[in-house]
Each structure stands twice: as C-alpha cells, then as structure tokens.
Amino acid sequence: MVAFSKTRLMKLGLPVGLLVSGTAQAGGAFFDPDVFGASYGGFVRFESAVRTTSDENPYNQAGNPFNNIDVQRNPIGGTPDTVRRLVPSESNDFNMNIMRGKFDVDLRLGSKLSFRGELRAIFDFDTYNNHDIGSIPGAAPAGDLHQNVNYFDYRVNGSGGLQSRKAPMAMEWTGEKYMIDLPRFYFDYQDGALLVRAGNQQIAWGQSLFFRVMDVPNGLDLRRHSVLDFVPEEFSDKRVPSPAIRAQYMVGGWELDGFVQHFRPTIYGNPDTPYNTIASQFTIHDMYGDYDDKANFGVRVRGDVGAFTVQAMATNRYNPDGTFRWTESGVSKSLTGLPGDATADLMATTAFERDSTGVLSAREWFHYAGLARLDGIDGLNAAIAEFPGAQALGAYLVDNEFDAGQELDLFFSSAGGLRGHLAREYHRESVFGLGFGYTFNGEPGSFLDQLIANVEIQYANDRTFTNPSLSREHIVEDEVITSLVLEKYHRFSREFPATYFVFQWMHRTESDIFGRHLSGMGGTEDRAAQNARTPGSANYVAVALQQPSPTLKWRFDFSMLYDMEGAMLLQPAVRWRPGGPWGVEAFFNHIIEDGFTSRSENYNALSTAGWADEFTLRVSYSF
C-alpha cells in the first residue's frame with residue numbers, strides 16, 4: 001500500500017494490519033469467553049462559535065436583508081407601492097454553543113468476533129436570537145419547524161399523506177435542542193483475510209480533505225456545524241451513519257471491498273437555525289418517506305501495480321443530496337384574504353400560500369434566486385406552466401426580468417406575501433471511480449522524497465440535478481469529477497517534528513462543490529441566471545499544513561480552500577494538549593466572498609457561507 005499512509009488508513013476506520021499484510025488472528029471459537037476483552041473511552045466537550053462579523057445568516061427570517069426597509073413594487077396594471085417586511089432583524093454574538101459527549105466501547109468477543117459501539121450526545125444551549133414568527137401579523141407558516149426553532153429533529157413527508165413526521169433514522173433520538181445517536185454500532189467478524197462488518201456504520205472512501213470524489217457511500221449531516229468544522233477531521237463527524245453490511249477480503253495483495261446499506265440522505269439545517277442554507281420563506285416537503293426502504297450498493301478493489309497503487313469503485317445509489325422542485329402547497333387559503341374571495345381551493349393547487357413571512361417583492365424574489373443559484377425568470381414560469389391553478393388565477397409566462405418583476409409584484413401585493421413550497425426527492429444513479437497513487441523516491445531529505453501523489457476520478461452516469469427553474473423536469477447529465485492530491489511529511493529541523501503538507505485540486509464538469517448545477521450561477525436582483533455568463537466548469541484548490549511543537553503539546557494548522565470563481569476560505573487553527581485529560585482547540589473561519597474577480601459573488605460556491613466568519617473554541621475532557 002505504498003501510496004496510502006498509515007494515518008489515512010486509520011482514518012478509514014479499518015484494521016491497518018489487515019490492509020497492509022492481509023493477515024489476521026485465526027482459529028479459536030466464534031465466541032470464546034476465555035479471550036473476552038473490553039476497552040472504553042470518550043470525552044465531554046464544550047464548543048462555541050463566536051461571530052466575528054455583523055453579517056447575519058440571510059437564509060433565516062431574522063437575517064433577511066429586506067427586513068424593515070421600504071421596497072418599491074410595480075405591479076402590472078396596478079398602482080406602485082412600497083412594502084416593508086415586518087420581521088425584526090436580529091444581531092447575534094454566537095453561531096453555536098453546544099455541549100457534546102462521546103462514549104466508545106470495544107469488545108473482544110472471541111478470536112474472530114468483536115463489537116464496537118459509539119454513543120454520541122449533543123445539547124444546544126439555544127443562544128441564537130430569533131423569533132416566534134407565528135406572532136408576525138399575516139404569518140401562516142406551514143409546519144411546526146417554521147413555528148419554533150428546532151435544531152435536530154429531521155422531519156419528512158411522503159406521497160402517502162405523511163405530514164411532518166420525524167424521519168425513522170436508525171439509532172437516532174432527537175428533540176428541539178438535543179440529539180443522541182449511535183453512529184457506530186457494529187460487529188466485526190474477521191477470519192484470516194476476510195473481514196465482515198455488520199451494523200450501523202460510516203464508510204469512508206477517498207483521500208481528500210475538502211473534496212469528496214471517491215467518498216460516495218454516505219451523505220453528510222449538516223445540523224451541527226454545517227461544513228465549517230475543523231478541516232483536518234475530513235467529515236468524520238459529518239458522514240450520515242447507516243445500517244450496512246460491509247465485506248473486505250485480501251487476496252494476492254489486492255483488497256476487495258463491498259457494501260450494502262440502507263439509504264439515508266444528506267441532512268440540512270432546519271429553518272432559522274444558525275447554519276440553515278435554505279431560505280426560510282420556503283417550506284420544504286422532504287419526500288424521504290417514500291425512500292426509507294431503499295438500499296445502496298458498492299464495490300471497490302485496491303492494490304499495487306508495480307510502483308503504483310490503483311483503485312477502482314462502482315456504486316449504485318440514491319444520491320443523498322436529492323433535488324428540489326415546486327410542489328402544491330395543499331393550503332386552502334384565498335389569495336387576498338378578503339371577504340368573498342373564493343380563490344382558496346385554487347391556491348391549494350399552486351406552489352404558494354399567502355404568508356407575510358414569505359417573499360414580499362420582486363426584488364426579494366430575484367435576490368434569493370441568486371443566493372440559491374436558481375433562475376428568477378424560469379422559476380416563475382415553471383411555477384405557472386406546471387400548475388393549472390396558477391394559470392386559473394391569471395398568472396402568465398414571461399421572458400424577461402421587467403415583465404417577471406411586474407407580474408410578481410402584482411401577486412405579492414395582492415397576497416401581502418407568498419410562501420413557496422418545494423418537494424425534495426431522491427434519484428438513483430451509477431457512480432464509477434478510478435484512483436492512482438504514486439510515492440516519489442528522491443534524494444533523502446529532499447522535498448520530493450516520499451511525496452505521495454493520488455489522482456481520483458469519478459464518473460456519474462445520468463446524474464440528476466435540481467433545475468434552476470425548480471421544474472419537475474430535472475436536469476439529467478453525466479458528470480466527471482477529478483481531483484489531484486499531493487501529501488508529504490517533511491522535516492525542516494531536528495528540533496521540530498515533521499511538517500505535514502497537503503495540496504489538492506478538483507475539477508467538476510457540471511456542478512459546484514455543493515452539487516448545484518452550474519447553469520444556476522450568477523443571478524442577482526437585476527439579472528436572472530439565464531442572462532449571466534455561467535461558468536462552464538468548477539475548479540477548486542486546497543492547501544493544508546500541520547506543524548507539531550517539539551514537545552507535542554501544541555499543533556498549528558492552516559487550511560485554505562480557493563474557489564477559482566473568486567472566493568476563498570481560510571482556517572488557521574491551534575491545538576493545545578497541556579497533559580492529562582484536558583485539550584483545547586481553536587480555529588478561525590474567514591471567507592472572502594468576491595475579492596478576486598469582477599463577477600458577482602453568486603458565481604462562486606463559497607459565498608453561500610460568506611456571512612459566517614467566526615472563531616470556534618473547543619474545550620474537552622477525555623477519559
């Protein structure tokens with residue numbers, strides 16, 4: 001395994017001895033009390049993210065930039081007026097204050113059988129300022145997640161009429177402010193070169209820090225700290241665990257690896273929680289209730305060919321990110337709320353409901369279309385063409401920003417605000433991957449000596465993307481994602497341990513780093529995405545380094561992700577281990593949204609979290 005360091009093999013959660021040598025203890029009983037052994041450990045940790053900018057999360061009601069400002073509306077055939085969102089804006093000092101605990105137990109049940117369990121518990125102190133938006137005049141949010149801020153419950157719908165029930169996630173128990181789960185709860189059976197793992201587990205493939213090219217088995221859980229956690233942890237706290245059976249076998253120096261798992265989706269933050277990324281003027285009907293009996297499959301083979309390490313994988317899965325489209329609101333509420341208005345039944349068949357905490361003006365509509373990487377004109381047309389009820393109410397198709405703005409303002413002024421309804425669905429796809437690794441052997445002590453290079457290529461056949469119009473007609477295209485990873489330990493002096501370097505580059509042909517189709521990039525308040533020069537591909541560069549102190553009590557880290565459309569994430573960090581059970585970690589996230597090109601910030605991916613500059617402190621006690 002020349003091109004894979006021991007550290008990275010351990011990060012995969014796999015027995016290093018098995019992967020390197022292909023041997024394991026054999027013989028003895030399947031369950032043998034004479035060899036029974038147990039070990040345990042864990043930690044309790046306080047985590048706080050302190051805001052270092054006055055910017056609020058624009059995807060939440062309290063951070064909407066249109067709160068308490070006058071916005072002119074120009075309805076077609078009507079009288080121009082001004083409107084003001086009545087939701088108060090808030091100022092927050094913290095993005096996160098949570099207490100986290102973890103308890104691990106490893107049991108040796110016999111010479112071939114072992115068990116590993118991990119209990120994780122999280123409590124949020126709810127120090128984020130927000131409102132009960134049900135108290136706003138004219139507000140009628142659909143679903144209890146819009147009435148009260150809920151940090152951890154994951155609610156889903158289904159075509160069978162299920163309304164806002166908790167998703168049946170395996171081994172997870174949640175409430176508004178707490179989450180308890182068992183992310184690892186599995187048995188290992190190891191007989192010679194064969195390892196079979198069964199139970200709730202995460203499967204980590206791939207070599208990248210920010211990028212997920214070969215790492216396709218599991219979605220991500222973004223409820224805790226979104227994507228802004230400590231970069232070197234490589235999504236270890238983010239992968240959504242799932243009940244699975246995984247088998248690995250070593251033969252002739254080659255590792256064969258396969259799995260069957262219960263499909264579980266990526267989980268986004270709920271409305272009005274600190275790291276929410278879906279505008280809270282919209283209600284999401286997550287249709288996972290129709291998919292909670294689906295399965296994913298995958299195989300991987302890895303070994304050495306001469307001086308190269310080669311791997312190949314094939315998976316058939318439901319893409320955990322899902323897609324979004326307009327859906328009927330199902331809310332029978334008249335368009336204007338005036339006596340004698342008989343439009344309630346028609347409104348229930350459209351994608352909107354009357355709500356003063358929805359969108360109130362064409363400016364707000366186009367602003368949020370740009371933030372979400374959607375198209376303001378096509379989005380309006382799809383909400384009309386695919387819903388006869390909207391046409392019966394007099395809505396008509398448009399082909400430019402001016403006409404779209406006038407029509408939108410007409411309906412917004414009539415209703416006093418409209419909340420959009422979206423369905424989230426999931427689609428099966430086949431994903432194939434190739435990887436090549438090579439370790440350079442240069443002059444001892446030189447920078448090229450023991451430099452590890454890995455190339456990973458992913459090909460997705462008929463990948464389904466959200467249409468920037470939110471139409472039922474999703475975009476279906478093949479996608480190729482390529483990454484290059486260079487990593488090395490290099491010692492600059494005898495006094496300091498070796499410095500660890502990583503350089504990465506990723507190229508994506510159809511989507512940005514968050515999986516959004518590139519045709520939705522570039523929209524602004526004044527221009528729909530269809531009239532912007534959208535990027536033909538997405539490219540990202542990442543750099544990271546780690547430097548321990550001579551006593552190993554300190555470690556200094558720096559990570560950088562550059563979106564070549566003009567944005568950058570910088571994360572300096574420090575770890576302190578004073579000795580004993582205590583540990584302290586601190587890191588700073590700073591996002592430069594649009595400082596490198598003359599384009600709108602909505603061309604790049606990172607500006608989605610551009611408001612979230614913050615300083616994070618972790619204080620832990622281990623046992």
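This is a predicted model: local features need pLDDT of at least 70, side-chain atom pairs count only at pLDDT 80 or more; totals for chains, interfaces and linings use all residues.
Let's start with a single side chain: Phe324 counts as buried, at 14% relative accessibility (buried means under 20% relative accessible area, exposed over 50% and partly exposed in between, with a 1.4 Å probe and protein chains only). Phe324 lies in strand E16; helices (H or I, at least four residues) and strands (E, at least two) are DSSP runs, numbered from the N terminus. Leaving aside residues up to four places away in sequence, Phe324 touches Tyr268, Ile278, Ile284, Ala423, Arg424, Thr466, Leu470 and His474, where contact means heavy atoms within 4.5 Å.

Residues are numbered from 1 along each chain as its sequence is written, and side-chain values use heavy atoms, with hydrogens and water left out.

## The largest nonpolar core

How many residues does the largest nonpolar core have? The count is 52, and Trp326, Phe352, Trp365, Phe366, Leu380, Leu408 and Leu418 have the most contacts inside it. Such a core is a set of buried Ala, Val, Leu, Ile, Met, Phe, Trp, Tyr and Cys residues joined through side-chain atoms within 4.5 Å. At least two core residues come from each of strand E4 (94–108), strand E16 (323–326), strand E17 (352–359), helix H5 (362–371), helix H6 (376–385), helix H8 (401–415) and strand E18 (418–425). H5 gives the most, with 6 residues. Apart from this core lies another, of 26 residues, among them Val231, Met506, Met521 and Ala544.

In soluble globular proteins, nonpolar side chains tend to be buried together.

## Helix H5 and its cover

H5 is largely enclosed by the rest of the structure, because 9 of its 10 residues are buried. Among them are Glu364, His367 and Gly370 as well as Trp365 and Phe366. The cover over the buried residues of H5 includes E16, E17, H6 and H8. Trp365 touches Trp326, Phe352, Val359, Gly376, Gly379, Leu380, Leu408 and Phe412, again not counting residues up to four places away in sequence. After H5 comes Arg373, whose phi is positive, near 60 degrees.

E17 is mostly covered too, with 7 of its 8 residues buried. E17 and E18 run antiparallel and are joined by 4 bridges; two strands pair if DSSP finds at least two bridges between them. In this pairing, Phe352 stands opposite Gly420 in E18.

At what angle do H5 and H8 pack? The angle is about 120 degrees, with the axes 8 Å apart; axes are lines fitted to C-alpha atoms, for helices over the stretch in contact, and angles run from 0 to 180 degrees between N-to-C directions. H5 and H8 are therefore oblique to each other, given that angles under 35 degrees count as roughly parallel, over 145 as roughly antiparallel, 65 to 115 as roughly perpendicular and the rest as oblique. Ala362, Trp365 and Phe366 of H5 make the contact with Glu401, Ala404, Gly405, Leu408, Asp409 and Phe412 of H8. These residues divide into 6 nonpolar, 1 polar and 2 charged, with Ala, Val, Leu, Ile, Met, Phe, Trp, Tyr, Cys and Pro counted as nonpolar, Asp, Glu, Lys and Arg as charged, and the others, Gly among them, as polar.

The axes of H5 and H6 come within 9 Å and cross at roughly 110 degrees. That makes H5 roughly perpendicular to H6. Here Trp365, Phe366 and Ala369 in H5 meet Gly376, Ile377, Gly379 and Leu380 in H6. The contact of H5 with H6 has 5 nonpolar, 2 polar and no charged residues.

## Other residues to look at

Thr482 sits in strand E21 (residues 475–490) and is buried, with a relative accessible area of 19%. Asp594, in the loop between strand E26 (582–592) and strand E27 (614–622), is partly exposed at 37% relative accessible area.

Asp462 has a positive phi near 55 degrees, in a residue other than glycine. Asp462 lies in strand E20 (residues 452–465) and is partly exposed, with a relative accessible area of 42%.
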